[in-house]
Amino acid sequence: MNHTVVVVGGGYGGSLVARELDSEADVTLIDPREAFVNAAASLRALTRPDWAHNAFFSFATLLQRGRVIRDRAVSVDPKGVTLASGERVEADYLVLATGSSYTYPAKPRHASTSIAQQLNDLRETHEELAGTGRVLILGAGPVGLELAGEIKDVWPDKHVVVLDRADQLLPGFLPEVRNALRHQLDELGIDVRTGTGLTALPAVAAGRAGRFAVTTDKGEQIVADIWFQAFGVEINTGYLADGCLSPLTGQKTIPVTERLNVQGYEHIYAIGDIVALPDPKMASYAMTHADIVVRNLKAQLAGDQPDAVHTPASERRILLPLGTRAGIGQLPTPDGVAAATAETVYQRKGADLFTARFASRFGST
């Protein structure tokens, strides 16, 4: 009899683990959504609704042998998973890959779990945004800046203001990368104000059209027609809070070993945003973790000793498109890291936002 591998969470890392182990074990993937959402494409899906379907990949095409349970985990213990429906799923091996939540539209609304619901959300917000002239974005991290770039790519005449309380754009990245970013933002006409917050959030709901005025903590008034929140990551480990598996850290992440085992369990792994590692909370790192876990689980399933070890990232990498024609990047080199050209950013991410890669994973065309 094959061993059972249960993967909780079908995001960037979890879907990769499930796919790679499908021929090696009896795989069960647990996720409340109908489809994998390529969050890297969400912002373009907002500004270009005719293109939005490219961000979604049905779990129905992911596995050839295994099964997908559309439900939410509410508890995990050393023997398996308890679901919101009350169903119990036993497991020989467990992989926890539930990632993190982020504010809409960078990630879907929590209650929208079907492709149809999520596409409808994006269409409605697109209609709200299309009729506005002045846009305010709170948060000048990669999400806020990428959203600003996508808006300007479709509506170059819209006035876009981005605020952030931090004093620098992309702190920790190379000076030449940050300088190139500032130059491109200026060229696009995006008004980015660092070291600036608001005295109160707008009275209008985020993503809804409606003229409003807000005051910055410097006493300046900003008038806009719509605003978006581009900050606020929440680690999705609530189902572990009961302590049936392992204590969480103060940041609600789960401690793991160098082989990405949950501490104290050789048959349980955790990957991606939920792990207590210094790696950035980014999709590329979740997929790196997934590769390590796949190697270790394949060894265990074959009766061998797992030996794949993860070394936390020492250098930061990023590909940040600003629409389809601009963008900045920082990528690893044999000597550390180096700035990437706008053309490299376009070729590696900006052109299709990784949709071709995931079409291959999900057997789509």
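Which strand do five bridges join to S1, and do the two run parallel or antiparallel? The strand is S2 (residues 26–30), and S1 and S2 run parallel.

## About the model

The structure is a predicted model, in which local features need pLDDT of at least 70 and side-chain atom pairs count only at pLDDT 80 or more, while totals for chains, interfaces and linings use all residues. Residues are numbered from 1 along each chain as its sequence is written, and side-chain values use heavy atoms, with hydrogens and water left out.

Helices (H or I, at least four residues) and strands (E, at least two) are DSSP runs, numbered from the N terminus. Strand S1 spans residues 4–8, and four of its five residues are buried, where buried means under 20% relative accessible area, exposed over 50% and partly exposed in between, with a 1.4 Å probe and protein chains only.

Two strands pair if DSSP finds at least two bridges between them. In the pairing with S2, Val-5 has Val-27 as its bridge partner, and the chain passes from S1 through helix H1 (residues 12–21) to S2 in a right-handed β-α-β crossover; right-handed means that, with the strands pointing away from the viewer, the path from the first strand over the helix to the second runs clockwise. S1 also pairs in the parallel sense with strand S9 (residues 93–96), over four bridges, and there Val-8 stands opposite Leu-96.

## The nonpolar cores

A nonpolar core is a set of buried Ala, Val, Leu, Ile, Met, Phe, Trp, Tyr and Cys residues joined through side-chain atoms within 4.5 Å. The largest one here has 61 residues, and Val-5 and Leu-96 are among those with the most contacts inside it. Helix H6 (residues 283–301) gives the most to this core, with eight residues. Apart from it lies another core, of 43 residues, which includes Leu-43 and Val-192.

Contact means heavy atoms within 4.5 Å. Not counting residues up to four places away in sequence, Leu-96 touches residues including Val-8, Tyr-239, Leu-245 and Ile-271.

## Ser-15 in helix H1

Ser-15 belongs to helix H1 and is buried, because its relative accessible area is 0%. A polar atom of its side chain lies 2.7 Å from the backbone oxygen of Gly-11. Leaving aside neighbours within four places in sequence, the residues in contact with Ser-15 include Gly-9, Phe-36 and Arg-361.

Definitions and conventions: Polar contact = N/O pair within 3.5 Å; in protein donor to acceptor, adjacent residues only side chain to side chain.
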